[in-house]
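Thanks for coming. I will take a few minutes to go through one structure, starting with its rings and then moving to its strands.

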Amino acid sequence: QVQLVESGGGLAQAGGSLRLSCVASGSFVSINDMAWYREAPGKQRELVASITSGGTPKYADSMKGRGTISRDNAKNTVYLQMNSLKPEDTAVYYCNGLIRTQWGQFPKFYWGQGTQVTVSS
């Protein structure tokens, strides 16, 4: 069984920073791409940033220049550093990982339970 657990959300003021973390645990043999998504009230879940197993990042336009995604493969952890926060960044942030549980099987997507980020103006 695979679990992704996020932490680091909370309340921040506009212009501030937050660092989200997501740790993968359980029984698996490899973690491929990892990503952060967010879902604001009344909106669809959207991709914020992703990173390959080799460390190549990609960002949504809304996060370019303000966010940094990174990972520590030894700790099975992915991070999202968000700076210059805006009220429109308010959302539940979800961690997503493409994880292989057994050699010879296709990897599957797993989701964390989400962490709330609220940015006040």
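Which residue lies over the face of Tyr-79? That is Arg-19, at 4.1 Å from the ring centre. Before going further, please keep in mind that this is a predicted model.

There is another arginine placed over a ring: Arg-45 lies over the face of Tyr-94, at 3.7 Å from the ring centre.

Tyr-94 brings us to the aromatic pairs. The count comes to two. One of them joins Tyr-94 and Trp-111, with 6.5 Å from centre to centre and 85° between the planes. The pair is edge-to-face, because planes over 60 degrees apart count that way. Tyr-94 sits in strand β9, residues 91–100, and Trp-111 in strand β10, residues 108–111. With 17 residues separating them, the pair links distant parts of the chain.

Is Tyr-94 buried or exposed? Its relative accessible area is 14%, so Tyr-94 is buried. Trp-111 has a relative accessible area of 39%, so Trp-111 is partly exposed. Ring pairs also bring in Tyr-37, giving a cluster of Tyr-37, Tyr-94 and Trp-111.

Now the strands. Four of them form an open sheet in the order β1-β3-β8-β7, and the pairing is antiparallel. At the edges are β1, residues 2–7, and β7, residues 67–72, each pairing on one side only. Ignoring direction, neighbouring strands of this sheet are turned by 15° against each other on average.

Inside the sheet, strand β3, residues 18–26, pairs with strand β8, residues 77–82, over six bridges in the antiparallel sense. Which residue in β8 is the bridge partner of Ser-21? It is Tyr-79, and that is the ring with Arg-19 over its face.

Last, the core. In soluble globular proteins, nonpolar side chains tend to be buried together. Here the largest nonpolar core has 27 residues. Those with the most contacts inside it are Trp-36, Val-78, Leu-80, Met-82 and Tyr-93. Two or more residues each come from β1, β3, β4 (30–39), β5 (46–51), β8, β9 and β11 (115–120).

Take Tyr-93 as an example. Leaving out residues up to four places away in sequence, what does Tyr-93 touch? Its contacts include Trp-36, Leu-80 and Met-82, which are also among the core residues with the most contacts. Tyr-93 also touches Tyr-37, a member of the ring cluster. Other residues it touches include Glu-6, Arg-38 and Thr-115.

That is where I will stop.

Conventions:
Residues are numbered from 1 along each chain as its sequence is written. This is a predicted model: local features need pLDDT of at least 70, side-chain atom pairs count only at pLDDT 80 or more; totals for chains, interfaces and linings use all residues. Side-chain values use heavy atoms; hydrogens and water are left out. Rings of Phe, Tyr and Trp (its six-membered ring) pair if their centres lie within 6.5 Å; planes under 30 degrees apart count as stacked, over 60 as edge-to-face and the rest as tilted. Helices (H or I, at least four residues) and strands (E, at least two) are DSSP runs, numbered from the N terminus. Buried means under 20% relative accessible area, exposed over 50%, partly exposed in between (1.4 Å probe, protein chains only). A charge sits over a ring if NZ of Lys or CZ of Arg is within 6 Å of the ring centre and within 35 degrees of the ring normal. Two strands pair if DSSP finds at least two bridges between them. Axes are lines fitted to C-alpha atoms, for helices over the stretch in contact, and angles run from 0 to 180 degrees between N-to-C directions. A nonpolar core is a set of buried Ala, Val, Leu, Ile, Met, Phe, Trp, Tyr and Cys residues joined through side-chain atoms within 4.5 Å. Contact means heavy atoms within 4.5 Å.
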